[in-house]
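Q: Please take a close look at the aromatic cluster in this model. Which rings make it up, and what surrounds them?

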Amino acid sequence: MPELCLFVDAVRGKNLSLAGDQFGYALTPALQLPFDVTPTLRVLEADIWYTTPNVSAVHGNNTLRFAQVTSGTVEGGTASLDMHTITFEDGLYSLEDLRAEISSYCMSSLLHDSALDVVGHSPTQKCEFKWDVQGTGYGIVLYLGDANSIGSLLGFAATDLVYDAFRADKTDEVARFRSGASANFDSLSHFLLHVSCLSGSNYDSSGSASTQVACAITPDVSPGNLIKYRPLHPIPTGCEGLRGNRTSNLTFAVTDNLGHPVVLRESWSARILIS
């Protein structure tokens, strides 16, 4: 069969999703193949901006809830709590970005700007929350067990952390809580490019869930930059659904490595070969 090369671009696509991760492409004229061919599809190149948020409501990691223990103790069940919740806008955050957001919240809530801080521990790539006991005069509860807590991004287990400043044996000037695992600020390990006409898949992390995947695109740039996918040997994927049918529209979509939707704030494109 003759080869058909398509250049698809989200900006020119039809019915672009609000997240920018999916759009339709009209084939004009429609593609009509006979039954006696075995068509395949290859991705010759793709450009995707690596701006997918690592903190978002979709990821379930966009809040930090904490409480000042202004009197009594949590352990004794007598604590008086001054509750606070920081909600982070969806975005691609570094540790310094999170520190700035926490500091800004503390100042706007009449806490001093370094009352609560989070810092990195370079040798282990872990993170550490710091609470200024001396400066505030209070203890703290970090509700990292919340379903939408930022703690998971920072390597903390889903459990609440407590420092009871009013216990007689607690004399620290600064309370410190270090994460049990390394922080992971990458929003994903790779993108999966899906095409609606595929009958097979070139990538399936689970063995069954990821379908109609033309290729996996691993970021080789730092967040905020353009990924230029240029495979030396594009892998063919079968598209049996094109045989004997008249196809006037294809749908292209990008997901993360687990097949979950992603947010793509900039236009993305790909050059596709059907042969």
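A: F23, Y25, F252 and W268 form one aromatic cluster. The model is predicted: local features need pLDDT of at least 70, side-chain atom pairs count only at pLDDT 80 or more, and totals for chains, interfaces and linings use all residues. Residues are numbered from 1 along each chain as its sequence is written, and side-chain values use heavy atoms, without hydrogens or water.

Rings of Phe, Tyr and Trp (its six-membered ring) pair if their centres lie within 6.5 Å; planes under 30 degrees apart are stacked, over 60 edge-to-face, the rest tilted. That rule gives eight aromatic pairs. Take F23 and F252. Their ring centres are 5.9 Å apart and their planes meet at 25°, so they are stacked. F23 belongs to strand β2 and F252 to strand β15, so this pair ties together parts 229 residues apart in sequence. Strands are DSSP runs (E, at least two residues), numbered from the N terminus. Both F23 and F252 are buried, meaning under 20% relative accessible area (1.4 Å probe, protein chains only).

Now follow W268. It is among the residues with the most contacts inside the largest nonpolar core, along with L41, V43, F191 and I272. Such a core joins buried Ala, Val, Leu, Ile, Met, Phe, Trp, Tyr and Cys through side-chain atoms within 4.5 Å. β3 gives the largest share, four residues.

Note on methods. Buried < 20%, exposed > 50% of the residue type's maximum accessible area, 1.4 Å probe, protein only.
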